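Dear colleague,

Please find below the structure that I am handing over to you.

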Amino acid sequence: MNTIMRKSVLSVAGLAFAGGVFAGPIAAHANPVDAKPVAVAVQTNAPKPQGDQSRIALNGEQTANVKAIIAATKKAGLPERAAVISIATSLQESKLENLGHLGDMNDHDSLGLFQQRPSSGWGTPEQITDPAYSTTAFLKGLKQVDGWQDMPLTQAAQTVQVSAYPDAYAQWEQQATDLVAQHWNS
């Protein structure tokens with residue numbers, strides 16, 4: 001298991017443990033009669049998230065990258081579903097960090113939010129590490145996938161990315177959906 005994957009697994013396990021430790025005592029004293037319904041944005045035509053879902057806490061840089069992905073999606077005239085697929089893909093590829101060359105840990109010459117490769121025609125290193133450019137390049141590929149709007153997220157993302165781990169994108173769908181709901185109109 002590579003270092004990035006190991007750290008991701010340990011982070012998710014730690015968050016799950018901490019959530020149980022802190023939510024447990026609070027939930028034990030909650031009075032369900034006092035509970036108020038919460039409004040939740042739901043994409044009714046989008047497929048339901050597949051499999052177990054992962055979630056990470058975002059820092060300022062990662063949140064700025066979410067906003068850049070959403071802005072590029074809007075500029076391309078695409079719907080929220082395209083932003084969800086883009087953000088989930090970036091969560092899997094880089095944890096929403098605009099990665100430069102990672103030395104021995106790098107997968108070939110992969111760079112940026114989507115781990116796109118200059119040698120595969122995604123653009124120059126400077127272009128690929130520009131969040132607006134890299135998102136636009138990803139969206140251009142997504143638009144070429146027939147029926148991407150109605151297919152499972154992981155299938156749409158994999159068709160564009162051609163990853164060695166084609167099912168890995170699915171785990172980020174709920175967090176990506178939540179981020180789009182939070183930032184689409186901000």
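The notes that follow describe the model residue by residue.

This is a predicted model, in which local features need pLDDT of at least 70 and side-chain atom pairs count only at pLDDT 80 or more, while totals for chains, interfaces and linings use all residues. Residues are numbered from 1 along each chain as its sequence is written, and side-chain values use heavy atoms, with hydrogens and water left out.

I begin with the aromatic rings. A pair of aromatic rings is described by the distance of the centres and the angle of the planes. A search of the whole structure finds 1 aromatic pair (rings of Phe, Tyr and Trp, the last by its six-membered ring, with centres within 6.5 Å; planes under 30 degrees apart are stacked, over 60 edge-to-face, and the rest tilted). The pair is stacked, because the ring centres of Phe114 and Phe138 are 4.9 Å apart and their planes are at 10°. Phe114 is in the loop between helix 3 and helix 4, and Phe138 is in helix 5, so the pair ties together parts that are 24 residues apart in sequence. Helices here are DSSP runs (H or I, at least four residues), numbered from the N terminus. Both Phe114 and Phe138 are buried (under 20% relative accessible area; exposed is over 50% and partly exposed is in between, with a 1.4 Å probe and protein chains only).

Leaving aside neighbours within four places in sequence, Thr89 is in contact with Phe114, Phe138, Ala157, Gln161 and Tyr169 (contact means heavy atoms within 4.5 Å). Thr89 counts as buried because its relative accessibility is 0%.

Lys95, which is not a glycine, has a positive phi of about 55°. Lys95 is in the loop between helix 3 (80–94) and helix 4 (125–128), and counts as buried at 17% relative accessibility. Val162 also is not a glycine, and its phi is positive, near 55°. Val162 lies in the loop between helix 6 (153–161) and helix 7 (173–183), and is exposed, with a relative accessible area of 65%.

Finally, Ala132 belongs to helix 5 (residues 131–143) and counts as partly exposed at 39% relative accessibility. Ala132 and Ile70 are 62 residues apart in sequence, and their C-alpha atoms are 9.3 Å apart in space.

Yours sincerely

Key
Helix = DSSP H or I, 4+ residues; strand = E, 2+ residues; numbered from the N terminus.
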